Amino acid sequence: MRDEVSEIDGKVVVKLSGDVDLEHCTVVRGLLLDAVSHGKDLLVDLSGVSYLDSSGIASLVEALQIAARNGTALKLFSASAQAMRVFELARLDKVFAIHPDLDAALAS
Amino acid sequence: MTNATSFDDTPEPAPLELLFEQRFAARLEVLKKVRASVLAGARHCGFGEADARDIVLALDEACKNILVHAYRNDEDGEIVLAVFRCQAGMVLLLRDFAPPMDPTGIKPRDLSDVRPGQLGTHFIHSIMDSVEYEPAPDGQGNLLRLMKRLE
């Protein structure tokens, strides 16, 4: 997996790639918790995620809770059908703000 | 295709066709290959792409439960997976050789409490039509039987 962090319009954008699962959750969790600690809104690009499991979801929920405590936003965009299905199964598809693409996430 | 499996002692009323059996180390890095095998098996059973990927997720979460809770991350453990096609759909038998678990303690959690973790068992129960913990054939380890029906 190869993750990227950038900043657009004052928001931190993290692109996750590959399998976001228990095998890689230590790296993903560290990346998200570091990104959310900057005190800026965090946008997470899921377009490169090939597989998402409950551990990946757990890292995202933890980051979302920290963002809420910090008074910042965490938004997701470009989720694949498999990733959306996992959010739906976890009944988190209404808890997270999930946008179709970066422009929609920036505009929201 | 063969019907001879290491699960032969398991009571099974419905006729099953063994698609494949895999024995693998209880390690995270092997699960990607297991997922690919199960995806191919689900397609072979006639499941569409969405259902096939659901089955993969359920099986993957069940394997991870074994790694974390049964073997407690002891990488010397082994898992045996047998995948069957039946008239109604697909049956997966997942066996480990860890100390027996209490099945009554393995339950999905309340999802209204939004917090990280413990979603895997919920996924398994949501996706599969049947989730049964059965006695292992020789009394050692744990045996999980998962069944998914074709719509």
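## About the model

This is a predicted model, in which local features need pLDDT of at least 70 and side-chain atom pairs count only at pLDDT 80 or more, while totals for chains, interfaces and linings use all residues. Residues are numbered from 1 along each chain as its sequence is written, and chains are lettered from A and ligands numbered from 1 in the order in which they are written.

## The fold of chain A

Let us begin with the overall layout. Chain A has 4 helices and 5 strands; here helices (H or I, at least four residues) and strands (E, at least two) are DSSP runs, numbered from the N terminus. Going along the sequence, these elements come in the pattern β-β-α-β-α-β-α-β-α.

The C-alpha trace of chain A spans about 30 × 25 × 25 Å along its principal axes. Of the 108 residues in chain A, 44% are buried. A residue is buried if 20 or more other C-beta atoms lie within 10 Å of its own, exposed if 12 or fewer, and partly exposed in between, with C-beta atoms placed from the backbone. Among contacts in chain A between residues at least 6 apart in sequence, 69% join residues at least 24 apart. Two residues are in contact if their C-beta atoms, placed from the backbone, lie within 7 Å.

## Helices packed in chain B

Two packed helices are described by the angle between their axes and the distance between the axes. Axes are lines fitted to C-alpha atoms, for helices over the stretch in contact, and angles run from 0 to 180 degrees between N-to-C directions. In chain B, helix α1 (residues 31–44) packs against α2(B) at an angle of about 140 degrees, with the axes 9 Å apart. The crossing of α1(B) and α2(B) is right-handed; a crossing is left-handed if the near helix is turned anticlockwise from the far one by less than a right angle, and right-handed if clockwise. Residues of α1(B) in this contact include B:Leu31, B:Val34 and B:Val38, and those of α2(B) include B:Ile55, B:Val56 and B:Leu59. By class, the contact of α1(B) with α2(B) has 10 nonpolar, no polar and 3 charged residues. Ala, Val, Leu, Ile, Met, Phe, Trp, Tyr, Cys and Pro count as nonpolar, Asp, Glu, Lys and Arg as charged, and the others, Gly among them, as polar.

Helix α2 (residues 49–70) of chain B also packs with helix α3 (residues 120–127) of chain B, at an angle of about 140 degrees and with their axes 9 Å apart. The two helices α2(B) and α3(B) are therefore oblique to each other: angles under 35 degrees count as roughly parallel, over 145 as roughly antiparallel, 65 to 115 as roughly perpendicular and the rest as oblique. The crossing of α2(B) and α3(B) is left-handed. Their contact is made up of 7 nonpolar, 3 polar and 3 charged residues.

## Where the chains meet

On the chain A side, 16 residues are in contact with 19 residues of chain B. Helices α2 (54–70) and α3 (81–89) of chain A each supply at least two residues of that side, and the largest share, 5 residues, comes from α2(A). The side of chain A that touches chain B has 8 nonpolar, 2 polar and 6 charged residues.

## Residues worth a look

Most residues other than glycine have a negative phi, and most peptide bonds are trans. A:Ser78, which is not a glycine, has a positive phi near 60 degrees. A:Ser78 sits in the loop between β4 (74–77) and α3 of chain A and is partly exposed, with 19 other C-beta atoms within 10 Å. In chain B, B:Asn73 has a positive phi of about 65 degrees. B:Asn73 lies in the loop between α2 and β2 (78–86) of chain B and counts as exposed, with 11 C-beta neighbours inside 10 Å.

A:Ser80 also belongs to the loop between β4 and α3 of chain A. Leaving aside residues up to four places away in sequence, A:Ser80 touches A:Leu46 and A:Val49. A:Asp9, in the loop between β1 (4–8) and β2 (11–20) of chain A, is exposed.
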